[in-house]
Amino acid sequence: MKRTFTWMIAIVAVLLIAAACSSDDSSDTTAAGGDETTTTAAGGDETTTTAAGGDETTTTAASGDTVELVIESWRNDDLAIWEDTIIPAFEAQNPNIKVSFAPTAPAEYNAVLQGRLEGGTAGDLITCRPFDASLDLYDAGHLADITDLPGMENFSSVAQSAWITDDGTQKFCVPMASVIHGFIYNADAFAEVGVDVPTTEDEFFAALDAIKADGTYDALAMGTADQWEAATMGFQNIGPNYWKGEEGRIGLIEGTEKFTDQQYVDTYNTLARWADYMPGGFEAIAYPDSQALFTLGGAAIYPAGSWEIGLFNEQAEFAMGAFKPPVKAAGDTCYISDHTDIALGLNAASPNADAAKTFLSWVASDEFASMYANSLPGFFSLSNHEVTMDDPLAQEFLSWRGDCESTIRNSYQILSRGEPNLENELWAVSATVINSTATPEAGTAILQEGLEAWYPPQQSG
Amino acid sequence: MTTTSTKTDVVRGTSTRRWRFPGYVAVFLGPALIIYTMFMVYPLLDSLRLSLFSDEGAFVGLANFRELLPGGSLSSSFWNALGNNFVFFAFHFLVQNPVGLFLAVLLTQHLLKRGRGTYRTLIFSPTVLSVVIVGFIWQLILSPLWGVVSTPLLGLTSTALPTLSLMSVWQFVGIPMMFFYAVLVGIPQDLIEAARVDGASGWTIFWRIIFPLLLPMLGIISIITYIANLNAFDLIYSVQGALAGPEFSTDIMGTLFYRSFFGFQLQAGSTAMGATVATAMFIVILLGVLVYLFGWAKRVETYEL
């Protein structure tokens, strides 16, 4: 009796482990899935191959010139869209090219990609992070120069700025999309509590006060456990209104502005006020928690990036709207973070460079732009093509491009090249300021000190 | 003097003549030795070598290590991580050992009439769970939104590291329990009965008879825990991410190594600095093991029973 029980527990334990392992395995299988199909496709020719003496070049020739392309990406959320919509559309036009999408978890992507590129096992097409992460890969010879790729003329210089060399002569990724920051709100909750969509900061905090006083909803769905929300959805979201977008961003790069300047301290002063409106225990609330809190209808406002639209449309059962980061006083010029986020490049070591270039040119086309923007609402095309989008929430975000000045996140270009790393420090400092374990002044002093430790333009000033 | 030396020579001479190295030992040891050398010794030595080179491959001597010392670019992160590592270990040492011992004593007591094996298995079972599962379960339990406590234990700088340490203790307490249990059941009953006849109380029996017999095992468990804790990474990474928040309060050398070697978000990875942190970890662990070997293992008395 006792024995049986012990065995049962042992079996349950083993099953649990097996479950844990199999989830790892399944992702591997997905990644390897593409390879398997190639084998099957080439399978029919196996006899021919053997007859030809097993020469590798013969094998490729024998399989009807079908080329297999693998896309490396961190967008595992988009797997279904790539597999069901984008890739079939491409393959229909290019029957000789088979494409498979092999994503890695976002947090591990950079590390995994680096390892694969160095080990020579990376896919043919590489999804590019903006700025230095990709520039480093290009400098290390992992990404090919695609300056002359047909289709690159469809992108403005701003769109390309995240994936060119510092001197601007060589381009190495085809820009795919940008994301815009703002706030998504629960329209039903707004109507119920009776608040209007805020445009100025005073209105914003008045709305938060009203929602808090009402008590039905948490006012702001955000936590600081993962830190990056504090920096990305907090600091980079509302900040451009304070540092006047590009003016401030370039100022930091050129050394004419400092993080200790009033506009940055003020950004943090405002951000620190958010803590009162966030759910209790927000210090330990992680990103998926706050997403769930909002989509389950527990919170009224979600400090967002447009990339949330797809998931929220799917999960939320209430009407949603969006408003841009509130300005100081009515009539002020507004600035939005319209961040160049994602692009596609060519693995310099790819044996299928020609097929990969065909794919990249297609990525630069009108057709891809429209298909991508519509299947992934919230990822806005960077090309000059006229793209019409059906999603109202995405349209709302995109309309701000007409009303406001666009900028990108200020830590991305050049400033995160040194040690201590500015982006990492921004995450930590933003979370600390909201947790009120550091004052805005102390926080910005840390950022400035870190920058001065290695960045010459900030040292001289 | 001379006589003794000739004596040993004679002994050595005879022994070499009689004793020949048995070839089958090489056959048995060979595969393991080769695999171990290829996958453990060589990478370790190569990592030590890498720490002396820059990312571009130029020999820089100990310059990488200077970055870890006060004034260097990684100095504050490194010493913070090292300190956190020792706090992490202190929690294990001070909580895991007593609790493990207590459980082992309970299991050997006659109070427990039935289900001894069941309890043993239950307490040991978290040890075989994946750290990711343990981290996830506890994260849900401790979530202020969906969990049972409203205090953000994992989100405050003051409580995050102790909470993570205790999560790890919860998972691994079965190991010291099993070790102690093995020693406890090996203690002959006559010893304890004799003490009782001499009028010793339960307390005296524990401290005077059982505890001295447990001491060597306590040392072994502590050094195993020390090595595991100084190498820890997975729990922190799965619960707090590579940035080990809040405010690096749970950053340990494993996560620091991960960030320096692989990079993080916009931070570029550096093979050289990664290898340097790894080497520093190796040295710290080595020092701990040396302290154990010469400070403890040589002094503690082992009794033949």
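Residues are numbered from 1 along each chain as its sequence is written, while chains are lettered from A in the order in which they are written. Because the model is predicted, local features need pLDDT of at least 70 and side-chain atom pairs count only at pLDDT 80 or more, whereas totals for chains, interfaces and linings use all residues.

**Exercise 1.** Find how many residues of chain A are in contact with chain B, and which helix gives the largest share.

Start with the total: 44 residues of chain A are in contact with 40 residues of chain B, where contact requires C-beta atoms, placed from the backbone, within 7 Å. Next, look at the elements: H1(A) gives the largest share of this side of chain A, nine residues, a helix being a DSSP run of H or I with at least four residues, and a strand a run of E with at least two, both numbered from the N terminus.

**Exercise 2.** Work out how far apart the C-alpha centres of the domains of chain A lie.

Chain A is divided into domain 1 (65-178 + 340-391) and domain 2 (179-339 + 393-460), with bounds from an automatic or database domain assignment. Their C-alpha centres lie 28 Å apart, and the contact takes 13 residues from domain 1 and 19 residues from domain 2.

Conventions:
Contact = placed C-beta atoms within 7 Å.
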